[in-house]
Amino acid sequence: LRTGEVHDSAMKWCRGLRATGSAEAMMRICIHDLNILGLVARCDGHLHEQEVAFMVEHVLDVLGYPSNANVEAMSKVADAIYPDEKRLEKSLWAVRRASAEAKRRLLSSARRIIDADKVLADAEFDVELEIERALS
């Protein structure tokens with residue numbers, strides 16, 4: 001898509017990416033969710049291994065747990081996600097248009113990430129409220 005190619009069906013194109021088994025391709029399908037979850041994971045100033053694991057778990061859940069998923073490579077991609085304000089706004093805009101189920105799944109994953117270190121930082125609480133407000 002970046003090179004200007006045209007695809008008849010976005011879903012067919014996404015399924016094709018998923019079928020390649022590429023961690024980057026699998027993560028790109030969920031990039032808007034990951035930008036939001038990346039903010040949640042990093043907002044307290046620490047990115048914990050369990051938070052990255054929950055980000056990957058979210059992608060696997062969205063994709064239906066593909067058998068060809070390379071969890072280690074996906075974790076490296078998730079670990080590198082650090083959205084700037086512009087990307088975050090774009091992602092929130094995209095997720096607002098998602099189904100109620102997709103929004104519920106995203107909020108559930110955000111809560112798991114917040115609870116991962118067993119400490120609720122003020123920044124995490126504030127970010128969760130902002131996400132809930134943005135998605136309602």
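The dialogue below sets values from this structure against definitions.

Tutor: This is a predicted model, in which local features need pLDDT of at least 70 and side-chain atom pairs count only at pLDDT 80 or more, while totals for chains, interfaces and linings use all residues. Residues are numbered from 1 along each chain as its sequence is written, and side-chain values use heavy atoms, with hydrogens and water left out.

Student: What is the average pLDDT of the protein?

Tutor: The pLDDT, the predictor's confidence in each residue on a scale from 0 to 100, averages 84, and 85% of the residues score at least 70. Over residues 1–7 the pLDDT is below 50, and this stretch has three contacts in the model beyond near neighbours in sequence.

Student: Why is Cys30 called buried?

Tutor: Buried means under 20% relative accessible area, exposed over 50%, and partly exposed in between (1.4 Å probe, protein chains only). Cys30 has 4% relative accessibility and therefore counts as buried. Cys30 lies in the loop between α2 (23–29) and α3, helices being DSSP runs of H or I with at least four residues, and strands runs of E with at least two, numbered from the N terminus. Not counting residues up to four places away in sequence, Cys30 touches Val59 and Val62, where contact means heavy atoms within 4.5 Å.

Student: What makes the span of helix α7 agree with expectation?

Tutor: The expected span is 1.5 Å times one less than the number of residues. The 16 residues of α7 (residues 100–115) should therefore span 22 Å, and the end C-alpha atoms are 23 Å apart, which agrees.

Student: Why are the buried residues of α7 said to line one face of the helix?

Tutor: The buried residues of α7 are Lys103, Leu106, Leu107, Ser109, Ala110, Ile113 and Ile114. Seen down the axis of α7, these buried residues fall within an arc of 160°, so they line one face; the arc is that of the directions from the helix axis to the C-beta atoms. Their cover includes α3 (31–42), α4 (49–63), α6 (85–96) and α8 (122–135).

Student: What makes Asp61 and Arg105 a salt bridge?

Tutor: A salt bridge is a side-chain nitrogen of Lys or Arg within 4 Å of a carboxyl oxygen of Asp or Glu. The closest N and O atoms of Asp61 and Arg105 are 3.1 Å apart, and the pair forms a salt bridge. Asp61 lies in helix α4 and Arg105 in helix α7, so the pair ties together parts that are 44 residues apart in sequence.

Student: Is Asp61 buried or partly exposed?

Tutor: Asp61 has a relative accessible area of 29% and is therefore partly exposed. Arg105, with 22%, is also partly exposed.

Student: Which side chain meets that of Arg111 in a salt bridge at 2.5 Å, N to O?

Tutor: The side chain of Glu132 meets that of Arg111. Because Arg111 lies in helix α7 and Glu132 in helix α8, the pair ties together parts that are 21 residues apart in sequence. Salt bridges that share partners join Arg111, Glu128 and Glu132 into one network.

Student: Why does Glu128 count as buried?

Tutor: Glu128 has 17% relative accessibility, and therefore counts as buried. Glu128 is found in helix α8.
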